[in-house]
Amino acid sequence: MKKTHTKAFANLIASVILLVFEVWAYVQTLGFKVVKKAAVQPATFPQVMCIGMMVFTVILLIQSLISLKRMNPDDPNMQPAASINIFKNRGVQAGLLVIVLCILYVALFKTLGYVLASAIIAAIIMWLIGKRDVKQILLVSVLVPLLMWLVFYKLLTVNIPMGVLDPLKNLVDMI
Amino acid sequence: MNWSLLFQSYGSVFLNPQVLLMTLLGAVGGVLLGAIPGMTATMGVALLIPFSFGMDLIPSIGLLLGIYCGGMYGGSISAILIHAPGTPAAAATLLDGYPMSQKGQSGKALSIAMFSSFCGGVIGALVMTFLSPLVADVAMEFTSAEMLMLAVFGLSVIVAISGQSIAKGLISAFFGMLLCTVGLDPTYSAKRFTFGVKPLYSGLQFIPVLIGLFAVSEIIAGVERIINGEEKQESSNEKINEVLPDLKTISQIWPQIISGGLIGTFIGAIPGAGGDIAVFVSYGFNKSFSKYPEKWGTEIPQGVASTESANNGCSGGAMIPLLSLGVPGDAVTAIILGAFIMKGIQPGPTMYVDKLDTVYCVFAALMLANLAMLVVGCCGVRFFAKIVSVEKKILYPIILVISLLGAFSINRNVFDVGVCVAFGVVGWLMNKFEFPLSPILLALILGPMCEQNFVRFMDLNGGNFGAILGRPIAIGFFVVAVAVVLFSIWNQQKINKREAEARKAAAKEANK
């Protein structure tokens, strides 16, 4: 097996990314307000957490380097790592598409409203993962968000944005 | 113990139609969710917690405990019928449950699982009723030093739940603690990691983060598995005729039920140790003391009884540290703690003085949740098996839209939906790189407690941390925390060694 396909290599990459994040977070804490005569500054606790993260990230980094150097097949770190190749792995591509859909969902949540936005995202995901029964897709993707909205709106009195379907509230209130 | 108040509280819970209904609904939801492989009681509670927002405390706790107890039992249904444990805590049930099912005894196995779950749950609830006030009495002496070390003790179990890599578990934990510091500093109101984003001033909300990490990430991973053809669609056509075990069977399994219930309660009471550990300990213990250990793992009813009573016994055990110390015993009680806090109640020793009636109502609600689980199990055992056949291609999008609604409904804020999605991505990536998610959960709960008590202790002692040496209970907690860490490291090394040997043996077999 190629070194780059092992868990040890994945851990190495993760360690480097984490170290960059931890240094960035630590630098951010240097800009926190300083309180005179305080035994513990507002920055102290986050700084301790950043340092703690750094210590164990370095340990993980060293463990990964040792595993990659030894290449011992009994080492659990020499097992194949999960794929994150967005160019070759169709599953990863689909996962990323779901993430993009979720981001669009958040952006359009207020404009379209919960029921419409949810119906669209649910229908697209069902189609994406291979469901081809159009009747079932439409039925499930519309009825479930509608039912959820009804439960929250009428039973739990939680007001959920309905966007373009706002007149539905008046209709339900009349009933 | 105030007996009249205890009976009064039991009466107010058992005679309140809203509590009865919510607990029953929770049990139905829990059993249904638990029966779906991959859906844990934790995920069920996280998904359904938004439904409890509009309710009073006790009905909402009844709902959550119903899901908890129902989910613990539900996991055994798919374990027995299709060899796929619905929850990690049901992993040991399939050792004897599935062979029973294969020999045409599905009904018997399911009824034993249900009856044992109920008995284990009742044992846990009784032990909780009588033991947690004693723990709370000691906890009344706690100052910031003890609370700080208690949080450290709670965090020490992170090592036990870290899985194969302790370094990764601790990185997750420190990351979770760092997330707790987002927002205004609780002592001096200094802005930390807010970047001018106003909704971040109040910090990251626990529930959207939780739903994102556990539910949204699982949906993204599920979609990925379906596309890669790695997701199996389970199905079951079993016919079930028996609902409760007969007297002869009960006389065979009662010792395993009692020992399993007690083991489950004891392990559940240790913060961080949950049903998944308890079932294997109980199975191993009962097998060791059995007259015919060689029969275990074939089709023995005692095997099912020992594991199922242990995993439901955990529910009562996990409530002991939650109510008496304010430290959650496992991931589900961590979410229940969130529900208490949202209702303005901080569990802990003072609750036994200020809100004793609420404490007794929680005891009663747990007892009721176990009864509800038995009722739901009896009525639905024939139909629950069918849920494993729900198509994942429909299930995942449904769970997604329910999850995102759950994230929104807490503060009625779209920002929280964004936080939920963001943590869904974080959780998905962490799963890819095999970083455990549970330590983040524990850190999110215990982080604020840790920081606040650390700052208070340092302020009171003029910045002299050495003053903690004069607090024997705090030192005791610290010593136990160190012992837990060392034991967990030793235990993990043993597990890793065993796994390596199994891999070697499998490789040898393959070469032959």
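These legends describe views of a predicted model. Local features need pLDDT of at least 70 and side-chain atom pairs pLDDT 80 or more, whereas totals for chains, interfaces and linings use all residues. Residues are numbered from 1 along each chain as its sequence is written, with chains lettered from A and ligands numbered from 1 in the order in which they are written.

**View 1. Chain A has 6 helices and 0 strands.** Helices (H or I, at least four residues) and strands (E, at least two) are DSSP runs, numbered from the N terminus. The radius of gyration of chain A, taken over C-alpha atoms, is 25 Å, well over the 16 Å that the globule rule gives for 175 residues, so chain A is more spread out than a compact globule. That rule is 2.2 Å times the number of residues to the power 0.38.

**View 2. Helix α10 of chain B covers residues 247-268.** A kink of about 50° lies at Ile253(B), shortly before Pro255(B); the bend is the angle between axes fitted to the seven residues ending there and the seven starting there. Among the buried residues of α10(B) are Ile253(B), Gln256(B) and Gly268(B). Buried means that 20 or more other C-beta atoms, placed from the backbone, lie within 10 Å of the residue's own.

**View 3. In the interface, 58 residues of chain B are in contact with 61 residues of chain A.** Contact means C-beta atoms, placed from the backbone, within 7 Å. On the chain B side, α16(B) gives the largest share, 12 residues.

Methods:
Expected span 1.5 Å × (residues − 1). Buried ≥ 20, exposed ≤ 12 C-beta atoms within 10 Å, placed from the backbone. Contact = placed C-beta atoms within 7 Å.
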